[in-house]
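Subject: Model for your files

Hello,

Here is the model you asked for. My notes follow below it.

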Amino acid sequence: MTEKELIRTSKFLSLILRHEPQRVGIRLEEAGWIPVGELLEAVNRHGAPLTLEELKYVVATNDKKRFAFSEDGTRIRASQGHSVEVDLQYEAQPPPELLYHGTPERFVASIRANGLNKGQRHHVHLSPDPETATKVGQRRGRPVVLTIRAGDMHRQGHVFYRSANGVWLVDYVPPQFIEVRKPV
Ligand code: HQG
């Protein structure tokens, strides 16, 4: 597969496994899983040729490890980022003292005033390090990295989850736990 094909396939799989499974006529099962055979059949039926080998390659090489196979390899799901109703069944766990959130500069005033909201997603997404957060913020403009006092939040009762690909998930971040750094 060329780099271009890989990216195209990854985007298509994100669409199907996070947002619109009905596009290829499938429904996600419990916790967002779908049998691998069913997914392959559905995407091939809808004009996106994909073999099992190619799918494995996409999962293994994906830059953010967006997809994961079940332990026995028979099912696949997106590790996070869904807009469809799905309970990923991650266990709550204590976060590190500090986490990071990258956002474009233009959102910072609103975030300082209102906190971080989950918007279209199921959770607010937080990164384990400033470098990753910078990349996330960069997607839409000049990035600002916000430092989140996750340990303090946790001690005050906020529940954190960690996805299979290392993204920290939380319902909401109130403004008092957010520290703003200058743009890099
Ligand atoms: C912002 C990508 C104004 C928030 C990335 C963000 C990540 C507010 C945007 C993953 C706000 C939502 C998630 C407030 C939050 N006022 N703006 N009160 N509260 N925002 O895409 O965190 O490629 O839903 O800062 O790499 O940017 O999908 O969330 O800028 O891991 O795998 O509202 O998506 O990964 O944007 O990105 P998003 P995100 P994937």
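What is the order of the strands in the open sheet of three strands? The order is β4-β6-β9, and the pairing is antiparallel. Before the rest, two remarks on the source. This is a predicted model, in which local features need pLDDT of at least 70 and side-chain atom pairs count only at pLDDT 80 or more, while totals for chains, interfaces and linings use all residues. Residues are numbered from 1 along each chain as its sequence is written, and side-chain values use heavy atoms, with hydrogens and water left out.

The sheet

Strands (E, at least two residues) and helices (H or I, at least four) are DSSP runs, numbered from the N terminus. Two strands pair if DSSP finds at least two bridges between them. The edge strands, each pairing on one side only, are β4 (99-104) and β9 (178-180). On average, neighbouring strands of this sheet are turned by 35° against each other, direction ignored. Angles here run from 0 to 180 degrees between N-to-C directions, and axes are lines fitted to C-alpha atoms, for helices over the stretch in contact.

β4 and β6 (residues 143-148) run antiparallel and are joined by six bridges. Within this pair, Thr-103 stands opposite Val-144 in β6, and the bridge partner of His-101 is Leu-146. Helix α5 (residues 130-138) packs on the sheet and touches β4 and β6. The direction of α5 makes about 20° with that of β4. Contact means heavy atoms within 4.5 Å.

Six of the six residues of β4 are buried, where buried means under 20% relative accessible area, exposed over 50% and partly exposed in between (1.4 Å probe, protein chains only). Leu-99, His-101 and Thr-103 point one way from β4, and Tyr-100, Gly-102 and Pro-104 point the other way.

Helices α1 and α3

Helix α1 (residues 3-19) packs on helix α3 (residues 52-61) at an angle of about 90°, with the axes 10 Å apart. That angle makes α1 roughly perpendicular to α3 (65 to 115 degrees; under 35 is roughly parallel, over 145 roughly antiparallel, and the rest oblique). On the α1 side the contact is made by Leu-6, Thr-9, Ser-10 and Leu-13, and on the α3 side by Leu-55, Tyr-57, Val-58 and Thr-61.

The buried residues of α1 include Ile-16, Leu-17 and Arg-18. Besides α3, the buried residues of α1 pack against β1 (34-35), α2 (36-45), β2 (67-69) and β3 (75-78).

Two residues to look at

Arg-66 lies in the loop between α3 and β2. Is Arg-66 buried or exposed? Arg-66 counts as buried because its relative accessibility is 16%. Not counting residues up to four places away in sequence, Arg-66 touches Ser-10, Ser-14, Arg-18, Arg-77, Ala-78, Ser-79 and Asn-165.

Ile-34 is in strand β1 and counts as buried, at 0% relative accessibility. Which residues does Ile-34 touch, not counting residues up to four places away in sequence? They are Leu-17, Ile-26, Arg-27, Leu-28, Leu-39, Thr-74, Arg-75 and Ile-76. Ile-34 and Ile-76 are 42 residues apart along the chain, and their C-alpha atoms are separated by 5.6 Å.

Regards
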